[in-house]
Amino acid sequence: MTRLNAKDGLVLTVPVVTGHQDFTGDTMTLISLALQRADLVRTQNFIAGQWRDAGLSASYNVSDPATGEQFARVPDSTAADAHDATDAAQNAFEPWRFTPARERAAILKRWHALIVEHSEDLARLMSREQGKPMPESRAEVLYGAAYVEWFAEEAVRTYGDIIPEQVRGRKMMVVLEPVGVVAVITPWNFPLAMIARKLAPALAAGCTVVAKPAEDTPLTALALVRLAENAGVPAGVLNIVTSSRAAAPALVNDWIIDPRVRKVSFTGSTEVGKLLARGSADTLKKLSLELGGNAPFVVFDDADVDAAVEGLVISKFRNSGQTCVCPNRVYVQDAIHDVFSEKLAARMKTMRVGPATRDESQIGPLINERAVEKVERHVKDAVSKGAALLLGGTRVRNDVANGPFYFAPTLLANATADMMLFGEETFGPVVPLFRFATEAEGVRAANDTQFGLASYFYARDVGRISRVAELLQAGIVGINVGAVSTEVAPFGGVKESGYGREGSRRGIEEYMQTKYVCLGSS
């Protein structure tokens, strides 16, 4: 049951039910997506410290991908709303910039504490609008919170340099300063983590922010901003507006052409990233672009096969395969190909497809109809070109996965480079297996893409590990591990996967500019 409250937003109420019901033959537990704190669900923009509707009072629906139900409406904002947000951010910039770093850090630490305190509500809200299983949502909340904590600590460490005197009496200093107003644009697949790891370093550096979350998953981002408000982030420092897919280009373009916006941080497709880069050229904005991926996963013949299978499952099927760093092409050396394929198929057969309301669910729905159609298109194309369908390959709809966007874990053998899934991100629970003969062939195949975000390989030979790690063309390399993301390490790609880094000490530098100060003795 869904109840709308005009003042406090949406309250999600799903009764808790437990019992023995059919869920692939085992005990099934239903869990609640009801929120303990109803005011975390916001259905308005947040500009200059005020929650308000879009200027034209337009709105659009937010849907539950598990059922297709439309359960909330949020503002369908225009360029005028984006401009209002920029006005607020510009007015707040000077006071925030000169707020001592330790005070900014204290606010971020309060924000972190609130995120952790309300992590279950945030996870439930995320699962409702994005569809991922609750264990994944809980993990994402804590992952996003870790960025807030990390950059709270980095806020007091933005050191410059003192350059030794080159001329007697002349003092030379290098200082780091906040770049200014930052526009943040985030995707739907990680609706809390992606925005947290942009907002936190921006605020820590002394920047102010205008933000637009993905049209499919705005509620989690709005809840995060609500907690930032509670933590004491001053009015105008953090502003967020929502919009539909159709309205987004005009809204974002207002930030792109506005010279007051000095940086854009974007996570999304390479196509859109290129448009933002071209549009930003006239005002020479600083850019951080985390774009598309086409990650290879290479299993060499000296690998621990069982560990490689488990690492692939962890990396590939998180968020139903809807991640920019999940393996898109799996290369297995000839000597172990068949045993790897058999063990992987057996492991995939144990995976449970279902909604977040089922505690046992491991693979949730895809985000929308477009996503499912792309996966279907890739599978159909691969099979038509000679791929062997070993597992899955169809939508799932039954008493458990009772919605239009579920897709079965799918395993394809005999994949080749002429298939669509070789060059495009599938963004779904599909594993294509490619064979290779030699180490050099495997490395060449892994690098045969215009993208370079993440690469993975499994091997035990020390010499091979050293060689391959150096040769792979990616910003992130995972060796004998399937989960690599952490706030303490830099995240970002090379080639057409973008530029700039998020996380680590380098993450805050993306929101700062360097000033050289030379002081004479007169």
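A salt bridge is taken here to be a side-chain nitrogen of Lys or Arg within 4 Å of a carboxyl oxygen of Asp or Glu, and the structure holds 33 of them. The model is a predicted one, in which local features need pLDDT of at least 70 and side-chain atom pairs count only at pLDDT 80 or more, while totals for chains, interfaces and linings use all residues. Residues are numbered from 1 along each chain as its sequence is written, and side-chain values use heavy atoms, with hydrogens and water left out.

Several of these bridges can be followed one at a time, with burial described by relative accessible area (buried under 20%, exposed over 50%, partly exposed in between, for a 1.4 Å probe and protein chains only). Helices (H or I, at least four residues) and strands (E, at least two) are DSSP runs, numbered from the N terminus. Glu 502 and Lys 198 join their side chains in a salt bridge of 2.7 Å, N to O; because Glu 502 lies in the loop between β25 (498-499) and α15 (504-509) and Lys 198 in helix α5, this pair ties together parts that are 304 residues apart in sequence. Both Glu 502 and Lys 198 are buried.

Arg 245 and Glu 215 likewise meet through their side chains in a salt bridge (3.3 Å, N to O), and since Arg 245 sits in the loop between β13 and α7 (248-257) and Glu 215 in the loop between β12 and α6, the parts tied together are 30 residues apart in sequence. Arg 245 is exposed, at a relative accessible area of 52%, whereas Glu 215 is buried, at 14%. In a further bridge, the closest N and O atoms of Arg 157 and Glu 154 are 3.3 Å apart, with Arg 157 partly exposed at 40% and Glu 154 buried at 9%. Asp 301, Asp 302, Glu 439, Arg 464 and Arg 467, for their part, are linked in a network of salt bridges.

Strand β12 (residues 208-212) is mostly covered, 5 of its 5 residues being buried. In a regular strand the side chains alternate between the two faces of the sheet. Thr 208, Val 210 and Lys 212 point one way from β12, and Val 209 and Ala 211 the other way. Two strands are said to pair if DSSP finds at least two bridges between them; β11 (residues 181-185) pairs with β12 in the parallel sense over 5 bridges, and Val 182 stands opposite Val 209. The chain crosses from β11 through helix α5 (residues 193-205) to β12 in a right-handed β-α-β crossover, right-handed meaning that, with the strands pointing away from the viewer, the path from the first strand over the helix to the second runs clockwise. β12 also pairs with β13 (residues 238-240) in the parallel sense, over 3 bridges, Ala 211 standing opposite Ile 240, and β12, helix α6 (residues 218-231) and β13 make a right-handed β-α-β unit.

Glu 129, in helix α3 (residues 119-130), is buried yet has no salt bridge, the nearest side chain of opposite charge being that of Arg 128, 9.6 Å away (Lys and Arg count as positive and Asp and Glu as negative, with His and the chain ends not counted). Gln 513, in strand β26 (residues 512-519), counts as partly exposed at 36% relative accessibility.
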